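Subject: Structure handover

Hello,

Here is the structure you asked to take over. Please open the file next to this message and read the two together.

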Amino acid sequence: MVKLLKTPAAWPTILLERADAADPTDLDAASRAGAFDGLRRVIRNFGATATIATISGANLRGRGGAGFPAAVKWRTAATTDASRRYVVVNGYGADPATGTDAFLLERDPYAVIEGAAIVAFAIGATEAIIAVRADATEAIRRLGAAIGAGEEAGFIGFDAFGSGHDITVSVRPVQGAYMLGEETVLLKALEGKRGQPEQRPPHPAERGLFGMPTVVHNVQTVAAVPWIVRHGAEAFAAIGAPDSPGTILVQLRTPAGDGIAEVPMGAPLREIVALAGKLPAGRSLKAVLVGGPSGGLLPPDLLDTPYDFEPLRSAGAHIGSGSLVVADDRACVVDLARILTRFCAGEACGKTIPCRIGTRRLVEIADRMLDGRPRPTDTILLEDLSADIAASALCDHERLTTLPLLSGMRYFRSELDEHILRSACPAGVCHPIAVAAGAIP
Amino acid sequence: MSLVPGLGIAKGMALTLRRFFEPKVTVMYPEDRRDVPHKFRGRLQLLYDEWGTLKCETCFQCAQACPIECIDMGGMDTRGRFHVHWGAPETYGERREESALRRSGRTVPDPAYRPFAAVDMTALDKILDEYDRDPARMLAILEDTQAAYGYLPVAALKRISQLTGAWYAMIYGTASYYSHLRFEPAEATHQAAAVDAHRPSEGSYLSALDTALGGAKGGKKGAGSPARA
């Protein structure tokens, strides 16, 4: 079972408001705690346009990693002329080391279902699909039970709240590829096709599932929507960073302990990392991997960076899967970067050349550096290749795959130089062949 | 060499004039489309430039795009450094021989060819009816088919193609992408091993991450185990 970490009392709780319910699928208890209150208000009082205006006023941004304003997507989908519209909730949680999406779906299925229903109502969709990892069986079971209870109560499904609108919410287990976390890949999977990303624009909000306007959101984005409707846009906008209000779930993985925590956007990395507890005696923090397998490796002196979309991007990391991995002084940063890059390169779908071949070359360069047979030009090649990959990328996967090595090179240059110039690993993790650099052609 | 002065140029101009009034064959492609068979994709041909150099840049776009993997290719990259190859390596050399034979009109005995085994279609037909034979539910159909047969037999894929109307190549493309779908019984493990070698599973990524972080912790997250059976 995933541990929920205790956060300071001053930090607000939005997504995990009802997380400590005894039975998350109990509709009566959840309703007393406010579930479906937002949907009722939206349908009875607000109407579609005012709902989008509320979300726009709250400045809710997508939690899937890119931080795209939710209201812009909704407005695009609502105004694009089409016979059908869809809402897709991305609960795939591709990063194998992160369980935040499944955790949220397990602890509070109603928040996600209600949020999806509100999005569907606002954009005029009749169908909302929640895509979940097939191996998150508990989340799927609870979602199924919660949808059943909600339909029985008449909150969703045929003629929701007696409004005349049909809002069907369904769960679709998907599995089989890391890339399913990417929105267009997920849409392909839901269409029953090979999971390869599509060129954007047109964005899914214009042409998405089956060519129809589709709003694709992460579960956390959707789960924040009912809260915004209930408490008002100003209350939400006051929480977290000014440019990206709200809270976000992070998965911590440190030598001191693991766990999931809900943190306000813009909280300094130092405070978030401290939630997991102190590092064991004699260990010091060496790097924080922010953003999952394609995340950036940040050094200790950047720990005051706010956990927010733009500051992390400029620091060379990104929010990504919401994962924060702390490496202490036992870890070798270059080795870590290689493992991450290898995983990302292996999971590439192969649609575009920079990704299919370029990331493979990145791994080969890292392999050379770690095996003690680097070429003198390898660092330059790495930088050039990364820039080329990022410039010609089709989806964010390949763009971000360059981050571990690039940020490792940017912040831990001396450690990399030890590997290249001396064939030595300061952390004692890798065992480069003890030959002078360049001795092997 | 002509005896009448100026005859040469007159002949030349005559040809020019004839060509000028000849009906044109340029088709303004996206606007006008010629009536071609449903599955026509043009003829595969490698082009040469005016110096006789192959224009192919070895970009692998064609081999990558080919849904039934009938194109395989290999060669040096543009700077003459790496030998690169797309397609199954074991069929690489032989295919050239074969295509030469085929072009000459002779039949090619294929030692690798085995007629696909027939399977009992009752279970599959039930699955297909359950999903209204809807190609949009292809993943669910394939997953259920695998659950019924233990793997995806070729005969079943052909049947799915016939009844849903989706092309076999599309179905094969879908089935080959997702790591939990397999074309061989689970006992024949070499496919899984090949996939693992090419694409390290999530489990091995997690354990590598743990090792890199200093000592395996183990039992991090049950849900993180690979979905592959």
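What follows is a list of findings, taken topic by topic.

The model is predicted, so please read everything below with that in mind.

**Core of chain A**

The largest nonpolar core contains 165 residues. Within this core, the residues with the most contacts are A:Ala116, A:Ala117, A:Val119 and A:Ala128. Helix α6 of chain A, residues 109-123, gives the largest share of the core, 12 residues.

A:Ala128 shows what surrounds one of these residues. Apart from neighbours within four places in sequence, A:Ala128 is in contact with A:Val87 and A:Val89, with A:Ala116, A:Ala117, A:Val119 and A:Ala120, and with A:Ile167, A:Thr168 and A:Val169.

A:Ile167 is worth a look from its own side. This residue lies in the loop between α7 and β3 of chain A. A:Ile167 counts as buried because it has 28 C-beta neighbours inside 10 Å, where 20 or more are needed. Not counting residues up to four places away in sequence, A:Ile167 touches A:Ala117, A:Ala120, A:Phe121, A:Thr126, A:Ala128, A:Ile156, A:Gly157 and A:Ala160. A:Ile167 and A:Ala120 are 47 residues apart along the chain, and their C-alpha atoms are separated by 6.8 Å.

**Backbone exceptions in chain A**

Most residues other than glycine have a negative phi, and most peptide bonds are trans. The following residues depart from that pattern.

A cis bond joins A:Arg200 and A:Pro201, with omega about -10 degrees. The bond from A:Pro201 to A:Pro202 is cis as well, with omega near 0 degrees. A:Pro201 is found in the loop between α8 (183-190) and β4 (214-218) of chain A, and A:Pro202 lies in the loop between α8 and β4 too.

A:Phe210 also lies in the loop between α8 and β4 of chain A. This residue has a positive phi of about 50 degrees although it is not a glycine. Another positive phi, near 55 degrees, belongs to A:Phe161, in the loop between α7 (137-152) and β3 (168-174) of chain A.

Are these two phenylalanines buried or exposed? A:Phe161 has 20 other C-beta atoms within 10 Å and is therefore buried, since the cut-off is 20 or more. A:Phe210 has 12 other C-beta atoms within 10 Å and is therefore exposed, since that class takes 12 or fewer.

The axes of α14 (residues 353-370) and α15 (residues 378-391) of chain A come within 10 Å and cross at roughly 160 degrees. Angles over 145 degrees count as roughly antiparallel, so α14(A) is roughly antiparallel to α15(A). The crossing of α14(A) past α15(A) is left-handed. On the side of α14(A), the contact is made by A:Pro354, A:Gly358, A:Thr359, A:Arg361, A:Leu362, A:Ile365, A:Arg368 and A:Met369. The residues from α15(A) are A:Asp378, A:Leu381, A:Leu382, A:Leu385, A:Asp388 and A:Ile389. Sorted by class, this contact has 8 nonpolar, 2 polar and 4 charged residues.

Helix α17 of chain A, residues 403-411, is mostly covered, with 8 of its 9 residues buried. The buried residues are A:Leu403, A:Pro404, A:Leu405, A:Leu406, A:Ser407, A:Gly408, A:Met409 and A:Tyr411. They pack against α14 and α15, and also against β8 (296-298), α13 (333-347), α16 (396-401) and α18 (413-422) of chain A.

Chain B has 9 helices and 2 strands, in the order α-α-β-β-α-α-α-α-α-α-α from the N terminus on. Of its 229 residues, 15% are buried. Among contacts in chain B between residues at least 6 apart in sequence, 42% join residues at least 24 apart.

The contact between the chains takes 30 residues from chain B and 35 residues from chain A. On the chain B side, α5 (138-149), α7 (168-177) and α9 (202-212) each supply at least two residues. The largest share of that side, 6 residues, comes from α9(B). By class, the side of chain B that touches chain A has 18 nonpolar, 7 polar and 5 charged residues.

Regards

Notes: Residues are numbered from 1 along each chain as its sequence is written. Chains are lettered from A and ligands numbered from 1 in the order in which they are written. This is a predicted model: local features need pLDDT of at least 70, side-chain atom pairs count only at pLDDT 80 or more; totals for chains, interfaces and linings use all residues. Axes are lines fitted to C-alpha atoms, for helices over the stretch in contact, and angles run from 0 to 180 degrees between N-to-C directions. Helices (H or I, at least four residues) and strands (E, at least two) are DSSP runs, numbered from the N terminus. Angles under 35 degrees count as roughly parallel, over 145 as roughly antiparallel, 65 to 115 as roughly perpendicular and the rest as oblique. A crossing is left-handed if the near helix is turned anticlockwise from the far one by less than a right angle, and right-handed if clockwise. Two residues are in contact if their C-beta atoms, placed from the backbone, lie within 7 Å. Ala, Val, Leu, Ile, Met, Phe, Trp, Tyr, Cys and Pro count as nonpolar, Asp, Glu, Lys and Arg as charged, and the others, Gly among them, as polar. A nonpolar core is a set of buried Ala, Val, Leu, Ile, Met, Phe, Trp, Tyr and Cys residues joined through C-beta atoms within 7 Å.
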